[in-house]
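User: I would like to learn how to read strand pairing and packing in a model. Can we go feature by feature?

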Amino acid sequence: MSEIDLKELGVDPERLPKHIAIIMDGNGRWAKKRMMPRIFGHREGVKTVDRIVTFARKAGISALTLYSFSSENWLRPQEEVSALMGILNEYIKNELARMLREDIRFNTIGHIDHLPQTTQDLINDAKEKTRENKGLILTLALSYGSRQEILEVAKRIASLTKAGEIGEGDIDEKLFESFLDTKGLPTVDLLVRTSGEIRISNFLLWQIAYSELYFTDALWPDFKENDLVKAIIEYQNRERRFGMTTEQLENKKEN
Ligand code: IPE
Ligand code: IPE
Ligand code: MG
């Protein structure tokens, strides 16, 4: 249920995207523009996360997935990586109370086991404590890489096949999806990327097969609730044909 007057914002409350995924990009450039260290931009980016999570929950979005740290981001200078882990720890500590209050379920995708132990403990604690929450599923993609995720599924299916637990005929999209980190989440309807980059950077490759893609020049620390509203309106103005023709879709609507 929405606690925001969506109609007033030009959004049709009946046709909200169920699952929005965001590639939060541009923190470093935001800081550079201000002659500040990159980490300053990451700190500012956390404020945007807060605003967008609150807005998504109030708007009645079911799932929000935020690309927070990619498998490839480990290649960044050690100093930046440690600072990012520190910010993540702080974020979870500070936000847990709010997630409990606002009925948000905390979730992650990616290689949590590659993160520092303190971070893993905080993540597991937040997941456990918010397990029953129903308002919004907030998923952080951490040490996440989509190719790696897909490869792991392939390996798992290969070993199940080898062990004789499944046959070749059992391997279909449904089975494949049940092994992805995103299992149980609704289909990604809308993917947003900030900062003007038009690429996917190894995020949710399987899951965005039929998502609507939205790119904005806004750097992540500058991205406001209103920018998400714009993305949702654009999403609602697009025709999702899933391979069919407009006429077929119109007939479907009429019947
Ligand atoms: C996104 O901002 C945050 C992470 C990848 C952790 P960047 O740090 O990539 O910012 P730019 O792209 O360098 O501006
Ligand atoms: C993608 O941003 C990863 C996250 C937002 C966490 P990057 O800044 O790492 O992507 P590239 O390197 O520009 O493709
Ligand atoms: Mg970047």
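User: In what sense do strand 1 and strand 2 pair, and over how many bridges?

Analyst: Strands of a sheet pair through backbone hydrogen bonds, either parallel or antiparallel. In this predicted model, strand 1 and strand 2 (residues 63-70) pair in the parallel sense, over five bridges.

User: How many bridges join strand 1 to strand 5?

Analyst: Four. Strand 5 covers residues 190-193, and the two strands run parallel. Here Ile23 stands opposite Arg193.

User: Is strand 1 covered or open on its faces?

Analyst: In a regular strand the side chains alternate between the two faces of the sheet. Strand 1 spans residues 19-23, and five of its five residues are buried. His19, Ala21 and Ile23 lie on one side, Ile20 and Ile22 on the other. Both faces are covered.

User: What is the strand order of the sheet?

Analyst: The order is 3-4-2-1-5-6, in an open sheet of six strands with parallel pairing. Strand 3 (104-109) and strand 6 (212-215) stand at the edges. Each has a single partner strand, so one side of each is left without a neighbour in the sheet. Neighbouring strands are turned by 20° against each other on average, direction ignored.

User: Over how many bridges does strand 3 pair with strand 4?

Analyst: Six, in the parallel sense. Strand 4 takes in residues 136-144.

User: At what angle do the axes of helix 3 and helix 4 cross?

Analyst: They cross at roughly 10°, and the axes come within 10 Å. Angles under 35 degrees count as roughly parallel. Helix 3 (residues 78-101) and helix 4 (residues 117-129) are therefore roughly parallel to each other. From helix 3, the contact is made by Leu88, Asn89, Ile92, Lys93, Leu96 and Leu100. Helix 4 supplies Thr118, Thr119, Leu122, Ile123, Asp125, Ala126 and Lys129. By type, these residues divide into seven nonpolar, three polar and three charged.

User: Where does Phe179 lie, and is Phe179 buried or exposed?

Analyst: Phe179 lies in the loop between helix 6 (173-178) and strand 5. Buried means under 20% relative accessible area. Phe179 has 18%, so it is buried. Leaving out residues up to four places away in sequence, Phe179 touches Val153, Arg156, Ile157 and Leu160. Glu197 is 18 residues from Phe179 along the chain, and their C-alpha atoms are separated by 30 Å.

User: Now the whole chain. Which pattern does it follow along the sequence?

Analyst: The pattern is β-α-α-β-α-β-α-β-α-α-β-β-α-α. That comes to eight helices and six strands. The radius of gyration is 19 Å, close to the 18 Å that the globule rule gives for 255 residues, so the chain is as compact as a globular protein of that length. Its C-alpha atoms fill a box of roughly 55 × 55 × 35 Å along the principal axes.

User: What share of the residues is buried?

Analyst: Buried residues make up 47% of the 255. As for contacts between residues at least 6 apart in sequence, 78% join residues at least 24 apart.

Key:
Residues numbered from 1 in each chain as written. Chains lettered and ligands numbered in written order. Predicted model: local features only at pLDDT ≥ 70, side-chain atom pairs only at ≥ 80, totals over all residues. Heavy atoms only, no water. Buried < 20%, exposed > 50% of the residue type's maximum accessible area, 1.4 Å probe, protein only. Pairing = 2+ DSSP bridges. Axes fitted to C-alpha atoms, helices over the stretch in contact; angles between N-to-C directions. Parallel < 35°, antiparallel > 145°, perpendicular 65-115°, else oblique. Contact = heavy atoms within 4.5 Å. Nonpolar A, V, L, I, M, F, W, Y, C, P; charged D, E, K, R; others polar. Rg over C-alpha atoms; globule rule 2.2 N^0.38 Å.
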